[in-house]
Amino acid sequence: MKDLIAGKWRTLLLVVLSVLVVSGCSVRSISNADKGSNAFYRGELSDQDVLGAMPKQDITDADIKTALNNARYSFRLPKDSSILLIQSGAMTPDAEMQKALKQYYSVAVFSGIPPNDSRYYGYRGEAAPEKQTDYPKLLRLTAANGGQDKILVYWGQLESGSENEATKVVSWVPFIGGVLPDETQHMRLVLRMALIDVLSGRWVTFTPEVFESSSVSGRYNRDSKDTKQIMALKVQAYEAAAKELFARFGG
């Protein structure tokens, strides 16, 4: 009986520890980074929304061979090219990303809020109705109407973990302005970018350099510290992403 009770307590302890470990870490989209306060946020664009709808017919080896031959297309994005910029999940791309890209390109923007109309073929696994709209082609047509020959879509994920600063030794310090440092938040920003050729629909994806930062905060200034940390990371990551995009495809 004692062994049974002890076993139940061990199981309960493991569950509690698991919850504590998970609660110290979080993942957020850059389009909904401020603690879920974005009323327009409806999730992220899927790869299918952007890169191409799934074909209705069976895929053959010949289809794969043709696609592989077409994939040898060489992407070029010379300086001052016109691009349609989309941030997944956001009504408009972040101003910091627009500023970074405008150093090299002419930038037009478009909504990255996912389509929720069942007319879009294959959207979110739904059955396709008779009259279908291929959303990736709709994006390409939108860009073509605006004179942009490339579409740049990017996704951003903020990953964070908290480190408790408490120790067994109590140090008494003045409590000034409600700011008592008790936690270090480690955060990193991971971007993924897709460059799409408007005319052919061919695409290439890449992940720019990942940036990390740490910030010490207290109970009463944690939200403001969080916002400042995210903004600093965005500026750093977006500048580097724009530079890498030009280095890869500008020549």
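**Close-up views of a predicted model**

**View 1. The buried side of helix α5 in the predicted model.** Buried residues of α5, which spans residues 135-145, are Y135, P136, L139, R140 and A143. Around the axis they take up an arc of only 150°, so they lie on the same side of α5. K137 and N145, on the other side of the helix, are exposed. After α5 comes G147, with a positive phi near 85°.

**View 2. The ring pair of F75 and F249.** Six aromatic pairs are found in a search of the whole structure. In one of them, the ring centres of F75 and F249 are 6.4 Å apart and the planes stand at 65°, so this pair is edge-to-face. F75 belongs to the loop between α3 (61-70) and β2 (82-87), while F249 belongs to helix α6 (residues 222-249), so the pair ties together parts 174 residues apart in sequence. F75 and F249 are both buried. Ring pairs also join F75 and F249 with F206 in a cluster.

**View 3. The ring pair of Y154 and Y238.** Here the centres of the two rings, Y154 and Y238, are 5.8 Å apart with planes at 75°, so the pair is edge-to-face. Y154 sits in strand β4 (residues 150-164) and Y238 in helix α6; 84 residues apart, they link distant parts of the chain. Y154 and Y238 are both buried.

**View 4. R192 over the face of W155.** The distance from R192 to the ring centre of W155 is 4.2 Å.

How values were computed:
Residues numbered from 1 in each chain as written. Predicted model: local features only at pLDDT ≥ 70, side-chain atom pairs only at ≥ 80, totals over all residues. Heavy atoms only, no water. Phe/Tyr/Trp six-rings, centres within 6.5 Å; stacked < 30°, edge-to-face > 60°. Helix = DSSP H or I, 4+ residues; strand = E, 2+ residues; numbered from the N terminus. Buried < 20%, exposed > 50% of the residue type's maximum accessible area, 1.4 Å probe, protein only. Lys NZ or Arg CZ within 6 Å of the ring centre and 35° of its normal. Arc of directions from axis to C-beta.
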